[in-house]
Amino acid sequence: MRILLIEDDHLLANTMLDMLRDGQNTVDWLDDGQQALNALLNEDFDLAILDLTLPRVDGLDIVRNIRNRGIETPVIILTARTDLDEKLQGLNSGADDYLTKPFAMAELKARIRAVTRRGSGVRTAGLKVGRLTLDTDSGQLEVGNDTFTLPRSEFQILHYLMRHPDQVATRRRLEEQLYGWEHGAESNALEVHVHHLRRRVGKKTIRTVRGVGYLLDSEAAAHEASE
């Protein structure tokens, strides 16, 4: 899952980056309201964690702006503002959840899971397409009677494809899921990860769309046996 963390307290942000990246997440970080607004308007994230008191553009204005423009990225507000009126403003502006500082990281992670489950339309921690069941908490993949613990890169790719079955995922979109704004991956790294995934889920389940990217075929996922 690709997360945008928007937090101008650098000490807190670095702690959060370490803990969020410890899971199966790709996390990008900004400490400026205007840059955050531009990123949310122009790039695709699975979730934004948003402080309210930010340089240049306030967090509430960010939420209102993206919702007015039809951006549905789930947003969790994480702020020191504790008044009830401010919580109501945040939620009424279009945020999906509101958590006040200080907070427990375990609670934030639980809220991340809850918000992203709501966004994907599922009530449990697992994604299911045909014979494939992916536990998004543990990273375990079940294919029929076989169970695999996926490396982070394979999890990121399959997690995205299973949330968008039968839709083409471009190379750029999948590379953003893997690396965010970090660079330096080998040019064929994505192909290598997809090759390994196909050995688990079956060659026809992940189709190459020449010149564009990849697609998870839900019909093949229901019937094809892996190697």
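Mentor: Residues are numbered from 1 along each chain as its sequence is written, and side-chain values use heavy atoms, without hydrogens or water. The model is predicted: local features need pLDDT of at least 70, side-chain atom pairs count only at pLDDT 80 or more, and totals for chains, interfaces and linings use all residues.

Trainee: Is Asn-25 buried or exposed?

Mentor: Buried means under 20% relative accessible area, exposed over 50%, partly exposed in between (1.4 Å probe, protein chains only). Asn-25 has 15%, so Asn-25 is buried. Asn-25 sits in the loop between helix 1 (10-21) and strand 2 (26-30). Helices (H or I, at least four residues) and strands (E, at least two) are DSSP runs, numbered from the N terminus.

Trainee: Which residues is Asn-25 in contact with?

Mentor: Contact means heavy atoms within 4.5 Å. Leaving aside neighbours within four places in sequence, Asn-25 contacts Met-1, Ile-3, Leu-20, Arg-152 and Gln-156. The Asn-25 side chain also reaches the backbone oxygen of Leu-20 at 3.1 Å.

Trainee: Which residues touch the most other members of the largest nonpolar core?

Mentor: A nonpolar core is a set of buried Ala, Val, Leu, Ile, Met, Phe, Trp, Tyr and Cys residues joined through side-chain atoms within 4.5 Å. The largest here has 24 residues; Leu-132, Leu-141, Ile-157, Met-162, Leu-174 and Leu-216 touch the most other members. Helix 6 gives the largest share of this core, 6 residues.

Trainee: Where is Met-162 found?

Mentor: In helix 6 (residues 152-163). Met-162 is buried, because its relative accessibility is 4%. Beyond four places in sequence, Met-162 touches residues including Leu-127, Leu-132 and Leu-216.

Definitions and conventions: Polar contact = N/O pair within 3.5 Å; in protein donor to acceptor, adjacent residues only side chain to side chain.
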